Amino acid sequence: MARDLDVHGAPEPGAGPLRRVARVVLLDPAERVLLLHGHEPDDPGTDWWFTPGGGLEGDETHEEAARRELAEETGISDITLGPELWRRVCSFTFAGRRWDQDERYYLARTRSSVTGPTALTELERRTVAGARWWSSEELTRTHETVYPTRLAELLCTLLDEGAPARPMTLDR
């Protein structure tokens with residue numbers, strides 16, 4: 001789960017290695033994107049929407065992690081995993097600790113619109129309040145917090161122009 005604050009870019013010197021993360025921009029047949037609704041463990045009022053995904057385990061690839069995380073967090077495993085769209089390095093505070101992440105975002109498509117988590121971690125059970133399919137128009141109009149911060153613009157470009165030839169580096 002990702003929640004930016006004011007600190008973006010590379011971590012401070014000595015902060016340790018970046019957590020390697022795979023995220024999924026999952027589109028349904030209506031070209032809506034699936035986002036999870038997260039919040040701070042002790043403050044449900046501090047909330048945001050974010051793409052499914054999480055940290056790589058062991059020696060798995062980003063693509064393997066994207067599939068695993070999507071299935072665990074949404075119950076959706078029947079997907080067509082497409083290309084890597086975007087990369088982002090971010091730092092944020094969540095659940096009382098600092099997270100420094102190197103995130104890769106993958107396009108995926110599904111015919112399923114039914115979601116239900118199958119294997120959330122204890123922290124995810126306390127901080128993920130649900131999931132929702134969003135149209136690009138809804139994302140453009142929302143005043144809710146969404147990560148990555150430019151997702152509405154990025155999704156519109158993706159739907160209009162297709163996936164980029166090479167992964168694009170996001171500033172946030």
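Here is a quick tour of this model, from the overall fold down to single residues.

This is a predicted model, so local features need pLDDT of at least 70 and side-chain atom pairs count only at pLDDT 80 or more, while totals for chains, interfaces and linings use all residues. Residues are numbered from 1 along each chain as its sequence is written, and side-chain values use heavy atoms, with hydrogens and water left out. The chain has 4 helices and 9 strands; helices (H or I, at least four residues) and strands (E, at least two) are DSSP runs, numbered from the N terminus.

**Overall picture**

- Of the 172 residues in the chain, 45% count as buried. Buried means under 20% relative accessible area, exposed means over 50%, and partly exposed is in between (1.4 Å probe, protein chains only).
- Take the contacts between residues at least 6 apart in sequence: 71% of them join residues at least 24 apart. A contact here means heavy atoms within 4.5 Å.

- The mean pLDDT of the chain is 87, and 89% of the residues reach 70 or more. pLDDT is the predictor's confidence in each residue, from 0 to 100.
- Residues 1–11 have pLDDT below 50, and this stretch has 45 contacts in the model beyond near neighbours in sequence.
- Where pLDDT is low, the predicted coordinates should not be read in detail.

**Strand β1 and its partners**

- β1 runs parallel to strand β6 (residues 97–110), with 9 bridges between the two. Strands count as paired if DSSP finds at least two bridges between them.
- In this pairing, Leu-27 sits opposite Arg-109 of β6.
- β1 also pairs with strand β4 (residues 53–55), this time in the antiparallel sense over 3 bridges. Here Ala-22 has Gly-54 of β4 as its bridge partner.

**Salt bridges**

- Side chains of opposite charge can pair when their charged atoms come close. The count here is 13 salt bridges, each being a side-chain nitrogen of Lys or Arg within 4 Å of a carboxyl oxygen of Asp or Glu.
- Glu-103 and Arg-23 form one of them, at 3.4 Å from N to O. This pair links distant parts of the chain, with Glu-103 in strand β6 and Arg-23 in strand β1, 80 residues apart. Both Glu-103 and Arg-23 are buried.
- Asp-28 and Arg-32 form another, at 2.6 Å from N to O. Asp-28 is buried at 3% relative accessible area, whereas Arg-32 is partly exposed at 29%.
- Arg-68 and Glu-57 also make a salt bridge, with their closest N and O atoms 3.4 Å apart. Arg-68 is in helix α1 (residues 62–74) and Glu-57 is in the loop between β4 and α1, 11 residues apart.
- Arg-68 is buried at 16% relative accessibility, while Glu-57 is partly exposed at 47%.
- A salt-bridge network ties together Glu-57, Glu-60, Arg-68, Glu-69 and Glu-72.

**A closer look at Glu-69**

- Glu-69 lies in helix α1 and is buried, with 6% relative accessibility.
- Its side chain makes a polar contact with the side chain of Arg-68 at 3.0 Å. A polar contact is a pair of N or O atoms within 3.5 Å; within protein, one must be able to donate a hydrogen and the other to accept it, and residues adjacent in sequence count only if both atoms are side-chain atoms.
- Setting aside neighbours within four places in sequence, Glu-69 touches Gly-53, Gly-54, Gly-55 and Glu-124.

- Tyr-147 and Pro-148 are joined by a cis peptide bond, with omega about 0°. Pro-148 belongs to the loop between β8 (146–147) and α4 (151–161).
- Glu-31 is not a glycine, yet it has a positive phi of about 60°. Glu-31 lies in the loop between β1 and β2 (33–40) and is partly exposed at 32% relative accessibility.

**Cysteines**

- The structure holds 0 disulfides, a disulfide being a pair of cysteine sulfur atoms within 2.5 Å.
- Cys-90 is buried at 0% relative accessible area, and Cys-156 is partly exposed at 26%.
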